[in-house]
Amino acid sequence: MSDVADRVKKIVVEHLGVEEDKVTENASFIDDLGADSLDTVELVMAFEEEFGCEIPDDAAEKILTVKDAIDFIEKADS
Amino acid sequence: MFDLAGKTALVTGATGGIGGEIAKVLAEAGAKVALSGTRQERLEAVAAEIGGNAVVVPANLSDKESVDGLIKNAEEALGGQLDILVNNAGITRDQLAMRLKDEDWQAVLDVNLTSAFKLARNSLRGMMKRRHGRIINITSIVGVTGNPGQTNYAAAKAGMIGWSKSLAQEVAARGITVNCVAPGFITTAMTEELGDAQKEKLLGGIPAGRMGDSKEIAAAVLYLASDEAAYVTGQTLHVNGGMAMI
């Protein structure tokens, strides 16, 4: 697993207070991890901070699963 | 009670009678206060009166760029993220509806409604992260009761109450409260200009039999800004001597 994936999952676990093994790559923040819409906004803020990148609103709206977040950040990084 | 030591605040319209008093009271309670307004000299004078706990951040809220940059500028000047936002700035362009020009409708909505909302939105990021924030909007009795000649002003002030309630619901679980204070008739430079006959007529409608003082508005703001008011959100606190009981 990539370093980005580890860090993303750690943020999700901390922020949503869910068990680590529930945070699979295909887990949806809202449907599987119990996030509300404001939680997803906060997650994006946390990702921006952790990775020092800016996630524009239109991209943020498409980040629905753990994998979406990892993919976006890896792409932004490269 | 009502200790704001270590907190930061931004007060818009701090050049006015009510805004200046709010800034003073928050600073007296220990907050570091950023004063915003269009008249730099007047801002400096208010800041000098307050002393070390005040910084000046001039802004013209009818200018889009000025609005968009204000929270960032205030946080830089305060040396930290904002804890308390007081949307106090407001303008009037009174006219009977039949004669009200489009630009006078729009100007009042832009400054009193839209800019206040944008400042609230732009200050949320830091507040969400710290799980603490206070947004206090100075609306008006007119936003609830209406007033001839003030369709634009009443619309903006009623709109402010509406978005405050929506935003309050969005961020309540993050320790952020959003409330309004609605002054009735308060002694300021503006109301000083009224003639004796006008004043007498006005006072007839106020059970308390007198105009309010800016200090009485500032006290309401101080309460809503305090930790003690953590369980009060989405409310409008009317400070009007009983003029309207709603």
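**Exercise 1.** At what angle do helix 1 (residues 3-16) of chain A and helix 4 (residues 66-77) of chain A pack, and how far apart are their axes?

*Setting up.* We work on a predicted model, where local features need pLDDT of at least 70, side-chain atom pairs count only at pLDDT 80 or more, and totals for chains, interfaces and linings use all residues. Residues are numbered from 1 along each chain as its sequence is written, chains are lettered from A in the order in which they are written, and side-chain values use heavy atoms, with hydrogens and water left out.

*Step 1.* The two helices (DSSP runs of H or I, at least four residues) pack at about 130°, with axes 9 Å apart. Axes are lines fitted to C-alpha atoms over the stretch in contact, and angles run from 0 to 180 degrees between N-to-C directions.

*Step 2.* Helix 1 of chain A is therefore oblique to helix 4 of chain A; angles under 35 degrees count as roughly parallel, over 145 as roughly antiparallel, 65 to 115 as roughly perpendicular and the rest as oblique.

*Step 3.* For the contact (heavy atoms within 4.5 Å), helix 1 of chain A supplies Val4(A), Ala5(A), Val8(A) and Lys9(A), while residues from helix 4 of chain A include Ile70(A) and Glu74(A).

**Exercise 2.** Sort this helix contact by residue class.

*Solution.* Count Ala, Val, Leu, Ile, Met, Phe, Trp, Tyr, Cys and Pro as nonpolar, Asp, Glu, Lys and Arg as charged, and the others, Gly among them, as polar. The contact of helix 1 of chain A with helix 4 of chain A then has seven nonpolar, no polar and three charged residues.
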